Amino acid sequence: MAAALRRGAAGGRRGLWTLLRCETLCSRWCLITSHKLYSSVYDPNEKTFEKLLIANRGEIACRVIRTCKKMGIKTVAIHSDVDANAVHVKMADEAVCVGPAPTSKSYLNMDAIMEVIKKTRAQAVHPGYGFLSENREFARRLASEGVTFIGPDAHAIQAMGDKIESKLLAKNAKVNTIPGFDGVVKDADEAVRIAREIGYPVMIKASAGGGGKGMRIAWDDEETREGFRFSSQEAASSFGDDRLLIEKFIDNPRHIEIQVLADKHGNALWLNERECSIQRRNQKVVEEAPSTFLDPETRRAMGEQAVALAKAVKYSSAGTVEFLVDSSKNFYFLEMNTRLQVEHPVTECITGLDLVQEMIRVAKGYPLRHKQADIPINGWAVECRVYAEDPYKSFGLPSIGKLSQYQEPLQVPSVRVDSGVQQGSDISIFYDPMISKLITYGSNRAEALKRMEEALDNYVIRGVAHNISLLREVIIHPRFIQGEISTKFLPEVYPDGFKGHKLTDLERRELLATAASLYVSEQLRSQRFLGTPRIPIAKSKRSSWELSVRLGDGIYPVAVSKDGSSFSVEVDGMKLNVTSEWNLASPLLSVTIDGTQRTIQRLSRNAAGETSIQFLGTVYKLQILTKVAAELSKYMPEKAAEDTSSILRSPMPGAVVAVSVKPGDTVSEGHEICVIEAMKMQNSMTAAKAGKVKAVHCKAGDTVGEGDLLVELE
């Protein structure tokens, strides 16, 4: 087993460099605001653990390390071979490789992790979320070795981690539950029978685990059979447990969860709610606390039922009880996650509690320091999950690559960024595509959302596709602002798929004026050499430009004239004043257009006048030419678009799980061609039209990239 144990006491310049880099990495998680992130006190005299191992990776590993440093606890990171240079590895006091990239051989490899615990003499293990965080066998093995598991005991994990058992326990604790089948579904035929008895639509989901994996909605028998197949495969891949359950699908609900915190002395609290209704493929995208929907009475009722369930299983740690809430504020128990949730930062922001610290204290045996009356709702917090995904494909299909440029918007007030990446990090096919969690805080919801809008505009991510455009559109949508949301928000607002921001006429003119001003600014810059004007052959004091700008299907004449440090731009017969410092080397450009400030990013440009600009979150492709060049460009032949009606290309990078056709087969429209697994989610690739299979270019087990040819039809 390869091991790399780093010590901050390394001598000389290298030791100083290691210290400085660690300081830089740690500072990225600070909340830049007068509002304190935590009101928790870190008492150096309160003894907990000398050394703690984090059985996870990425942003959550970094998050745990941050609190451990404040508590004076040394940390051990584990990593796969491809994660050797990951941020969590650099932040920890020690780091040990536990295997190759596949999770089954590294982050789920209990034998290897137990060996590291013995080798490093770690006294406790924090599992983060996902991986082994809800694995009762892992908790048992740690207990047998005298190592503390930062979480509930194995009994509570088994009781609440198993959705079937947890539902029965919830009923006995008088918690509202969803009608369904209280047992394990054996096969697809039984799934169909049960679904018919319950009545469509139904939800098929993995008994173990969560995070949207192993979940399918079925509206008829065919979808039930297909859902059973995919859900069982995803559940086995993600959690090592392919058991499924079926329950009634509550159509058009809100997804609201209650954070609970309990100790080993019988004390339990509910720490208010989180609204998690904005989802795609049953995975949360935007969360906030509190919810706009709950009144004090419903909040209290949900909180009291959540605490009753926690006490029923003698729960001790931080946990989350998830509910579905209908339009009449009836709420139903969905599941309990016996771990720290991805979206826990919004709760920390409005309560002032450090949940990781509370988990460590509880695990050591300390009683809770707070009473229910002490738990406040101070202000409002919003979290956006920033993913390496293409939002234009099914609201987000994974993207892989290297972060060639990366800059978090920490200059924006009241912003917190929980991430596990830095410039140069790789986003691979092996793990979840999350880049970071972007959190903003405000004294009220409007303030928090305004700061989120600014933070998204100032977030620089290059090298991979990302979902910034989708996140920004969600938080500025009138329905979202008014709080009129449900788990169907995305498909209802974007029934034909997400297309990016739709420019108003004013915004279109602002974009054209900004792009034209940027073009002229570059032309003027090219006339200078090391800050000194080049000596022209003939004196020229050019102060106006006639340009032609292509945006989408439109071509617009644009006239630009320089007026001191500003540009006067005429578009559609209207004049706009554009001002900026025009720092062309910066990834961010602050531009003021007729008094309105915009933050833009220019992503690319070439000699043909083509440029890509991120404006209002969405990337727009433009071509800027002089009037003469535009006239001549009409004579240039255009490249014909590829006919994709008879071919199937992979829409994302991933691994081929199954191929359902062979050359000579006849397929109909919608017929399954193959299944691709990307970042633990299985996706069925189907034929766009009826035809005969000409060639198959992949087989089960192959790794494919985005755009790779899979199948050809005649």
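This is a predicted model: local features need pLDDT of at least 70, side-chain atom pairs count only at pLDDT 80 or more; totals for chains, interfaces and linings use all residues.
Two strands count as paired if DSSP finds at least two bridges between them, and strands themselves (E, at least two residues) are, like helices (H or I, at least four), DSSP runs numbered from the N terminus. With that in hand, look at Arg550, which stands opposite Ile555 in E27. Residues are numbered from 1 along each chain as its sequence is written, and side-chain values use heavy atoms, with hydrogens and water left out.

Let's stay with that pair of strands. Strand E26 (residues 544-551) and strand E27 (residues 554-563) are antiparallel and share 8 bridges. They make a hairpin with 2 residues between them, and Gly552 in the turn has a positive phi of about 65°. E26 is also joined by 5 bridges to strand E33 (residues 618-626), again running antiparallel; here Ser548 faces Leu625 of E33.

Now move to the open sheet, where 8 antiparallel strands follow the order E14-E13-E10-E11-E12-E15-E22-E20. Its edges are strand E14 (331-337) and strand E20 (415-419), each of which pairs on one side only. From one strand to the next, the twist averages 25°. Within this sheet, 9 bridges link strand E10 (residues 254-262) to the antiparallel strand E13 (residues 317-325), and Ile256 has Phe323 of E13 as its bridge partner.

Helix H13 (residues 445-457) lies across E12, E15, E20 and E22, at about 140° to E22. Helix H14 (residues 468-476) lies across E11, E12 and E15, at about 155° to E15. Such angles run from 0 to 180 degrees between N-to-C directions, with axes fitted to C-alpha atoms, for helices over the stretch in contact.

How do helices H6 and H7 cross? The axes of H6 (residues 154-161) and H7 (residues 163-172) come within 5 Å and cross at roughly 90°. The two are therefore roughly perpendicular, a term that covers 65 to 115 degrees. Their contact (heavy atoms within 4.5 Å) involves Gln158, Ala159, Met160 and Gly161 of H6 and Lys163, Glu165, Ser166 and Leu169 of H7.

Finally, find helix H17 (residues 505-526), whose 22 residues reach 32 Å from first C-alpha to last, close to the 32 Å expected at 1.5 Å a residue. Of those 22 residues, 16 are buried, so H17 is largely enclosed by the rest of the structure; buried means under 20% relative accessible area (1.4 Å probe, protein chains only).

Key. Angles under 35 degrees count as roughly parallel, over 145 as roughly antiparallel, 65 to 115 as roughly perpendicular and the rest as oblique. The expected span of a helix is 1.5 Å times one less than its number of residues. Buried means under 20% relative accessible area, exposed over 50%, partly exposed in between (1.4 Å probe, protein chains only).
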